[in-house]
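Hi everyone, thanks for coming. I'd like to walk you through one model today, so let me put it up on the screen.

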Amino acid sequence: MALRKFTIAYLLYMFVLAGFALAIKQFFPLAITDQFWLIFGFISGLTFIAYLLAYVGIKRNPQIGVFAILGSVIIKMLFAMSFVLIYSLKQTKGDMAFALNFFSLYLLFTLFEILGLLRNLRHQNK
């Protein structure tokens, strides 16, 4: 998948997730935390940067493309864990809605990133 196609599909995916979050907020206001849009922006930006790192690594040297993919996923996970650590250190009470929002968004964006990368690897093998 070319970078332009991924960016368009990614923006569309982000708008669908944002619309879905707004719909959930209307019907179940306690399910979405107040910091949801901060989480959404952080994870969406982090996912796009991780995809760019993996994409550049695959295009530069296809032989070590797997290391680029693993490196980008690990960097994304480390930044995400540091985000949760900083939030939990500043927060005095436990916030289950924050944890559910964060990890559901993390998994949804990671799924989209991996599917995009798999499409790149599939085209490379042909």
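Ile75 belongs to helix α3. Its C-alpha atom is 12 Å from that of Thr110, a residue 35 positions away along the chain.

Before going on, a word on what you are looking at. This is a predicted model, where local features need pLDDT of at least 70 and side-chain atom pairs count only at pLDDT 80 or more, while totals for chains, interfaces and linings use all residues. Residues are numbered from 1 along each chain as its sequence is written, and side-chain values use heavy atoms, with hydrogens and water left out.

Now the overall picture. The protein has four helices and zero strands, and from the N terminus the order of elements is α-α-α-α. Helices here are DSSP runs of H or I with at least four residues, strands are runs of E with at least two, and numbering goes from the N terminus. The C-alpha trace spans about 50 × 30 × 15 Å along its principal axes. Of the 126 residues, 35% count as buried.

How do the helices pack? Helix α1, residues 3-27, meets helix α2, residues 36-60, at an angle of about 160 degrees, and their axes are 12 Å apart. That makes α1 roughly antiparallel to α2. For α2 and α3, the angle is about 160 degrees, with the axes 8 Å apart. So α2 is roughly antiparallel to α3 as well. The axes are lines fitted to C-alpha atoms, for helices over the stretch in contact, and angles run from 0 to 180 degrees between N-to-C directions. Under 35 degrees counts as roughly parallel, over 145 as roughly antiparallel, 65 to 115 as roughly perpendicular, and the rest as oblique. The crossing of α1 and α2 is right-handed, and α2 also passes α3 in a right-handed crossing. Right-handed means the near helix is turned clockwise from the far one by less than a right angle, and left-handed means anticlockwise.

Back to α3, please. Which side chains meet in a salt bridge? Lys76 and Glu113 do, at 3.3 Å, N to O. The pair joins distant parts of the chain, with Lys76 in helix α3 and Glu113 in helix α4 (residues 96-125), 37 residues apart. Both Lys76 and Glu113 are buried. A search of the whole structure finds one salt bridge, counted when a side-chain nitrogen of Lys or Arg is within 4 Å of a carboxyl oxygen of Asp or Glu.

Leu78 is found in helix α3, residues 65-90, and is partly exposed, at 47% relative accessibility. Together with Val66, Leu70, Ile74, Met77 and Met81, Leu78 makes a nonpolar surface patch of about 560 Å².

Two last stops. Thr92 sits in the loop between α3 and α4, and is exposed, with a relative accessible area of 82%. Thr92 and Leu115 are 23 residues apart in sequence and 37 Å apart in space, C-alpha to C-alpha. Ile114, in helix α4, is partly exposed at 30%.

Thanks, everyone, and over to you for questions.

Methods. Patch = residues over 30% accessible without salt bridge, like charges linked within 9 Å, V, L, I, M, F, W, Y side chains within 5 Å. Areas by Shrake-Rupley, 256 points an atom, 1.4 Å probe, with all protein chains shown as cover. Buried < 20%, exposed > 50% of the residue type's maximum accessible area, 1.4 Å probe, protein only.
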